[in-house]
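Please read them beside the model.

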Amino acid sequence: MMPSVRIVIWVVEGTWQGCVDAARRSIPAGARVALLHVTPSDVTGVAAAAPAGLLGRTFAGRRPTLPLPDVAGAAASELLAAAAQRLGRQDAELLQRRGRVEREVVLAVAENVDLLVVARDGDHSRLGPHSLGPATRFVVDHAPCAVLLVWPDEPPGVESMPPPPRG
Amino acid sequence: MPSAIAETLSGLLLVATLVCAIIRPRGLPEALVAVPAAGLLLLFGVLPLSEAAAEARSLAPTIGFLAAVLLLATFADRFGLFEAAGSWMATGSRGRPVTLLALVFAVASTVTAVLSLDATVVLLTPVVFATVARLHLRSKPPVYACTHLANSASLLLPVSNLTNLLAFSASGLSFARFGATMALPWLAAIAVEWLVLRRFFAADLIGHAEASAVPRRPAPVYACLVLGLTLLGFFLTSVFDVAPAFAALGGAIALGIPLLRSGRTTVRDVALAIQVPFLAFVLALGLVVKALSIHGLGSLVTHLVPGGTSLGSLLLIALVAAVLANLINNLPAVLLLLPAVVGAGAGPVLAVLIGVNAGPNLTYVGSLATLLWRRVLRQRGEELPISEFMRLGALTVPPVLVAATVALWISLRVVG
């Protein structure tokens, strides 16, 4: 028996619904599916670093709050569960990572993955090099497997093509 | 003591004071090095007792005012003001990321102006982060907006930034006049930040969220009312020639009593919220900088900073202030620069504030703090995206400095 195809769908805030919908239409029924989310470590780093400039003003009497990485982790679990439900595949494996997003995605698909489904996330109004965000660009360049690049919303029409160069 | 040695000693003690305040080894209070440093300078006669007494007298009202503002923000947090703001932003955005960013701009600018940048950094930013995470939108643009606006939107009122409080008492401006003159520069700075951030993060401002994902929190009406009256009080005190610190103190008492009565805060929490070690640190830092100032650096700074209120002079002052704030930190920068500009009237003092407040967005939180803090964060498993932050800083800080200073120049001619 042929081993089943293994597909990873990269779930990102802002584009995940469209990405999951496109994947649902495109992936074969027998494929093993995993949903991947990476929490960026740099955003919590920005928030954690800002108090350095206050030189000790820390609001010692404030309400206790959850550490930001925990808040982000809980939100990521929710998002993956919502994505599995939208995909209609409760058997999907949920992969949660934290770090530099683009590198973690490439590492997550380094072994035994046949296809990575990625949503475009760049500037929709200027199709060209900038229609892929920097992290997506990195993943498309470095992923050691086939990449299915999907539009998170409606694909552009043929009229979006610029006129051909003269001469 | 020869002046060169005195200057070197004060310089070394300033660096030691700042380094200790930023890394705070083993969580020790920031005053631990600052207070003995000031004591040492007094003991060796580097700082004459009469000068120290005069500096302490001029800093005392500012330190009292700061204590009251810190209390006000802590109590507002206890009333759930920031959670309510998070829920309001989520509902108001209707799940649209650009609208959400606009509301974060409005809230962060207001919180910074009224309750100080400290409140935005420590109390509002975590709430914004949690709100955006629950909406499953990308958190980078709103979090960067908070950290940037904490600096650049702290121009409006004396209470918005400790640097403003220090300059306010030295400038002789009334609270109302300060606010009226800085309103236009404040708006100019926020407008520039919006234009740049909106474009810089265009790829991250996508998608749509269910606004109902964030639990609804009712606005704490009583706390909002007290804060509104406190703000009004700030302006009224200047009419009746009363120190505006009393308005802040009144607001803090009005918020603190119901909290204490209902057990939502304790006397211990209140004592912690005043942050006595930090107040001691400010006083000691003031003395250390004073010693450095009277032994040569003061005349060097006076030489660097132009007098006059022409647009060119104001721009140059803002630039010098921004560079100095990035080299050391904005607190010692403003303490060093104030004596040089305070005789020249309101314009140069306010230009210094534009530089020291908006400038630190360039090297994150001042280069010294960034260098030291990076290691602390690495140990905690956090990553500081230094190149991205500095790229955004390089795109925002120069236009913010120019726009705000031009706005100040216009304001000085209109408000007088």
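1. The crossing of H5(B) and H7(B) is right-handed, that is, the near helix is turned clockwise from the far one by less than a right angle. The model is predicted: local features need pLDDT of at least 70, side-chain atom pairs count only at pLDDT 80 or more, and totals for chains, interfaces and linings use all residues. Residues are numbered from 1 along each chain as its sequence is written, with chains lettered from A and ligands numbered from 1 in the order in which they are written. Helices (H or I, at least four residues) are DSSP runs numbered from the N terminus.

2. Helix H5 (residues 97–115) of chain B packs on helix H7 (residues 140–152) of chain B at about 25°, the axes being 9 Å apart. Axes are lines fitted to C-alpha atoms over the stretch in contact, and angles run from 0 to 180 degrees between N-to-C directions. H5(B) is therefore roughly parallel to H7(B), the label for angles under 35 degrees.

3. From H5(B), residues including Leu100(B), Val104(B) and Ala108(B) meet residues of H7(B), among them Pro141(B), Ala145(B) and Leu149(B). Contact requires C-beta atoms, placed from the backbone, within 7 Å. The residues of this contact divide into eleven nonpolar, two polar and no charged. Nonpolar covers Ala, Val, Leu, Ile, Met, Phe, Trp, Tyr, Cys and Pro; charged covers Asp, Glu, Lys and Arg; the others, Gly among them, are polar.

4. H7(B) has 13 residues and reaches 18 Å from first C-alpha to last, close to the 18 Å expected at 1.5 Å a residue (1.5 Å times one less than the number of residues). Because 13 of its 13 residues are buried, H7(B) is largely enclosed by the rest of the structure. Buried means 20 or more other C-beta atoms within 10 Å of a residue's own, exposed 12 or fewer, and partly exposed in between.

5. Helix H8 (residues 162–171) of chain B has nine of its ten residues buried, so H8(B) is also largely enclosed by the rest of the structure. Its buried residues pack against helix H3 (49–78), helix H9 (175–200), helix H15 (330–341) and helix H16 (346–358) of chain B. Gly172(B), with a positive phi near 75°, follows H8(B).

6. Ile257(B) lies in helix H11 (residues 245–261) of chain B and is exposed, with 11 other C-beta atoms within 10 Å.

7. Between the chains, 36 residues of chain A contact 54 residues of chain B. H2(A) gives the largest share of chain A's side, nine residues.

Technical notes
Helix = DSSP H or I, 4+ residues; strand = E, 2+ residues; numbered from the N terminus. Parallel < 35°, antiparallel > 145°, perpendicular 65-115°, else oblique. Contact = placed C-beta atoms within 7 Å.
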